[in-house]
Amino acid sequence: MASLEMHVSYPLDAAVVSRLVSANSPGNYALGRLTEDQSTFLISFVGRADNDLRKPLLFWAGEGSFTHFKFSYASSVRAAFEKECANYHDFGGSEKLQNTNHPARPAGKRWQCPRCRVFDTTITVDKRPEPTAKNEELKSRR
Ligand SMILES: [Zn+2]
């Protein structure tokens, strides 16, 4: 059976997130709800954070679509990326999850999904435009 490799679920609430989840750490999360008898976490969405796991969870707590979450910290951005890919595939991808797309690579990285070749066959725009250097002071002359 597929596993998220995460521990128990918690109510997806801003106060709970702030109390339990450290900021400034990469990590992974899953969003969903509990079955009526509260025994099982039904996963609807998987995600990751490259540098601040608390931030997306606070967003989702405010967004209101999901009632519970699970999370885990990652030792590196790459570990978070690879775990997100594994979670995504293990739980049915975009057909079963509410994730509309395959997890994206962190900006500028050429890492492959450990489970599929999506990045070989798709033209992906994973580089965000870099800020233009403005070292030169522009002077206007008349
Ligand atoms: Zn994949």
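Modeller: A residue is called buried if 20 or more other C-beta atoms lie within 10 Å of its own, exposed if 12 or fewer, and partly exposed in between, with C-beta atoms placed from the backbone. This is a predicted model, in which local features need pLDDT of at least 70, side-chain atom pairs count only at pLDDT 80 or more, and totals for chains, interfaces and linings use all residues. Residues are numbered from 1 along each chain as its sequence is written.

Biologist: Is V46 buried or exposed?

Modeller: V46 lies in strand β3, where strands (E, at least two residues) and helices (H or I, at least four) are DSSP runs numbered from the N terminus. Because V46 has 27 C-beta neighbours inside 10 Å, it counts as buried.

Biologist: Which residues is V46 in contact with, leaving aside its neighbours within four places in sequence?

Modeller: Contact here requires that the C-beta atoms of two residues, placed from the backbone, lie within 7 Å. On that basis the partners of V46 are A30, E84, N87, Y88, F91, L97 and N99.

Biologist: What is the order of the strands in the open sheet?

Modeller: Two strands pair if DSSP finds at least two bridges between them. By that rule two bridges join β1 to β4, six join β2 to β4, and eight link β2 with β3. The edge strands, each pairing on one side only, are β1 (10-11) and β3. With antiparallel pairing, the four strands therefore follow the order β1-β4-β2-β3.

Biologist: Which residue in β3 is the bridge partner of G32?

Modeller: β2 and β3 form a hairpin with six residues between them, and Q38 in the turn has a positive phi of about 65°. Across the eight antiparallel bridges of β2 and β3, the residue in β3 that partners G32 is I43.
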